[in-house]
Amino acid sequence: MCSRLRHALGVQLLVAIFFVAITASPARAIPTFDEVRADFKPSDTVLLSREGEVLQRLRTDPTVRRGQWVPLADISPALRQALVLSEDKRFFEHSGVDWRAASAAAWGNLWNQRTRGASTITMQLAGLLDGDWRQGPGGRTVVQKLGQTVAAQVLDRRWRKDQILEAYLNLVPFRSELVGIDALSRTLFGKAAHGLDDREAAVAAALVRAPNARPALVAQRACGVLRDMQRGGGDGGARIDCDALDLFTTAALQRRAFDASEGVAPHFARHLLRQRFGKDAAVPERVQSTLRAPLQRFAVQTLQQHLRELRGRNVEDGAVLVLDNATGAVLAWVGSSGQLSQASEVDGVLALRQPGSTLKPFLYGQAIEQRRLTAASLVDDSPAHIATAGGLYIPQNYDRQFKGWVSVRTALAASLNVPAVRTLVMVTPDAFHRQLGAVGLPLRESGDYFGYSLALGSPEVPLLHLTNAFRTLANGGRLSPVALAAPVQGRAPAFTAALDPRAAFIVGDILSDGNARARTFGTDSVLATRFWTAVKTGTSKDMRDNWAVGWSERYTVGVWVGNASGAAMHDVSGTSGAAPIWAAVMGFLHAREPSRAPKAPAGLLQAGVRFGPGPVAGGQPGAAPDPRPPLEAARSEWFLQGTQQALFAIDSIAEKAYPLRAEGQKSFKKSPTQVVDAPSGPARITAPAPGTIIALDPDIPPARQRLQFTATGDGLLWRMDGKPLGRGPRVAWLPWPGRHVVQITNAQGQVLDEIRIEVRGGGVAAGSVAPPIRAAAH
């Protein structure tokens, strides 16, 4: 037996000498502690604010789960003790290799006895640092074992013991995808590594030996580690409840407390990383952003607080975006209401939604730029029946009331729908479609696809593009991209002209005018700030989307409120939905910062204007003034040079005041839906057109879907399907499904004119009916 033993030991010694010579050179290539620390990459990326504050942690490596590198001083003493007792009891005594344990293991192998492995913490770390020494599915080969032994001794000479233990705890695989103590402690125990107690430390140490073992086996080993810890602490008599530890271990191994994302800017973080690094590129551990940390937190809190107040109105989602006017930098990006939402992963800043009346500023800006209208031009807010290829388009106002003749200033500030549609008739949908693209709102469909509903916000746009389009108005009609990261020092954003700066100024002046918006919003609206701001609200059909977008001297703020599912809100208007959030964010931005009104660009002039009826300028001396009150109070108004005039009136007053009038400046006379001073002639029905097809909207109460009939002539009587309907030049009728004959007669019953129309209910095949009677809200 002694001969056999000497022979075996001699063979092993020769093999060892041979392979030590082979493996000595690779072992010398072991990196330093600082190099290992610098090469460590967490599986998460940390988003920093412009101030350097952590705003969001986002997982970017799906293959492994690593937390942050944890210094040894921040690791629980209980865990350090448990790990040494479990894996390497003489760690602080040996020089990288525990020869006593190695001899015992060799002797046991010789006699086919099962012994504890001789691999030290230092040797395991060597295997983690160099894949050549890493254990494979069939265990380590002799070459790997010898190489690992040499590498461990080199490692022990070059590194301190505390560095070896720190690196090991941060690099060792624990369970499944979990690597390092930070990922383990946060996932299984929901706490940082410095807070682990004896029981948790014992479970963590047991997982090092068998990372993917069954919970019962892990608990059994953890119980043994815990006994060793108590004996080492002088408490050897304490009784350990291994059954309770088994239950604790089973529960811990099922827990996943380490969320993939954590912070106040998850949607912005994902968007920024996609834009800057793409899908497959390596993402750095820390990424600097343009966000302001205090502003981001305030925007999140304000959105959630306001939505809680609206909880009973079926609204759970919202989004907030704040841009810097000068640079386009994103200062706040809140894509969701978080826990209040059932679709918190949907980014409301990027989601496509109907913008409602928030498109009107660009429409009126285009009409002013083209000198079709001025801010004082009169437009008719009255029932309009616009013939289209599919039938009549009948726009309605938010309150389903009409204001009559109003100025463009009032029409835009009070968000009246019918004047906007009449203006689009003048500008044309295709031209307005091009204008929207110029300000950064490209639409997938053509202008003809949307038709006249384009004026009321029927397409879908994201809050990001809409807010930046309003920033274009804040910058005098100049467009530049949004910036997600800090710009290069000294490099200004590249602006392109999108709208005449004079028209942009006038639109901003209108949207900042509290008196002009009083007809719809009142004089004490939440939109009225203590400092200069210009703002526009919007609500899409059936209150599915509610918006407030506006700007101050330095900032543009956009807010959307609604439901990611598309469900309608209940009784949420422009001033109760998004506007309070917009006002709160603006107030936060200007708590210590003033906002002054912009200076008028060259080519604009300000002149006093009056509105008829009233004394006619240039009339006969001594002529009596018109007893009717003026349409609007006299005021000072802004004009593009060459479009100014002192009086804006309609009908005969405008005729007398301006014999050589320019159409489109005194009053809106170009719309085919408007009849002004109709010439005398035979009585006829002027609206609707013959053959009109009308579709009833199931979302609008039937009593509110009245169709207006108009005609020219005197002493008219109306008949519907042979039955009396009304008298006079205009009557309203509650539509009823079917084909109908409408007639006007004189007092003797003689038929003067006749048309045939059809009314259809819901559920008719698409493309065969006219657009339903719709009302886009303000």
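Two strands count as paired when DSSP finds at least two bridges between them. The model on screen is a predicted one.

**Stop 1: strand E8**

Select residues 317-324. This is strand E8, and eight of its eight residues are buried. Turn the strand to view one side. Asp317, Ala319, Leu321 and Leu323 lie there, all buried.

**Stop 2**

Which residue of E9 stands opposite Leu323? Click on Val330.

Now look at the link between the two strands. Five residues lie between E8 and E9 in this hairpin. Gly328 takes a positive phi near 80°.

**Stop 3: the disulfide**

Move to Cys223 and Cys242. Show their side chains. The two cysteines form a disulfide, with sulfur atoms 1.7 Å apart. Cys223 sits in helix H10 (residues 215-232) and Cys242 in helix H11 (residues 242-254), so the bond ties together parts that are 19 residues apart in sequence. A search of the whole structure finds one disulfide.

Are the two cysteines buried or exposed? Cys223 is buried, at 2% relative accessibility. Cys242 is partly exposed, with a relative accessible area of 27%.

**Stop 4: Asp246**

Stay in helix H11 and select Asp246. Asp246 is partly exposed, at 28% relative accessibility. Leaving aside residues up to four places away in sequence, Asp246 touches Pro215, Ala216 and Ala219. Draw a distance from Asp246 to Ala219, C-alpha to C-alpha. The separation is 5.0 Å, although the two residues are 27 residues apart along the chain.

**Stop 5: two crossing helices**

Select residues 360-369, helix H14, and residues 417-427, helix H16. Their axes come within 10 Å and cross at roughly 45°. That angle makes H14 oblique to H16. The crossing is left-handed.

Show side chains for the contact. From H14, take Lys360, Leu363, Tyr364, Gln366 and Ala367. From H16, take Asn417, Pro419, Ala420, Thr423, Leu424 and Val427.

**Stop 6: strand E20 and its partners**

Select residues 604-611 for strand E20, then 635-640 for strand E21. The two are antiparallel and share six bridges.

Does E22 run parallel or antiparallel to E20? The pairing is parallel, over two bridges. Here Arg610 stands opposite Leu647 of E22.

**Stop 7: a three-stranded sheet**

Go on to strands E23, E25 and E28. They make an open sheet in the order E23-E25-E28, with antiparallel pairing. E23 (684-687) and E28 (730-733) are the edge strands, each pairing on one side only. Neighbouring strands are turned by 30° against each other on average, direction ignored.

Zoom in on E23 and E25 (residues 707-712). Three bridges join this antiparallel pair. Ile685 stands opposite Ala711 of E25.

**Stop 8: a five-stranded sheet**

Last, colour the strands in the order E24-E30-E29-E26-E27. These five strands form an open sheet with mixed pairing. E24 (693-695) and E27 (723-727) stand at the edges with a single partner strand each, so one side of each has no neighbour in the sheet. Here too, neighbouring strands are turned by 30° against each other on average, direction ignored.

Finish on E26 (residues 717-720) and E29 (residues 738-745). The two strands are antiparallel, with four bridges. Select Met720 of this pair. The residue opposite Met720 in E29 is Val742.

Note on methods:
Residues numbered from 1 in each chain as written. Predicted model: local features only at pLDDT ≥ 70, side-chain atom pairs only at ≥ 80, totals over all residues. Heavy atoms only, no water. Disulfide = S-S within 2.5 Å. Buried < 20%, exposed > 50% of the residue type's maximum accessible area, 1.4 Å probe, protein only. Axes fitted to C-alpha atoms, helices over the stretch in contact; angles between N-to-C directions. Parallel < 35°, antiparallel > 145°, perpendicular 65-115°, else oblique. Left-handed = near helix turned anticlockwise from the far one by under 90°. Contact = heavy atoms within 4.5 Å.
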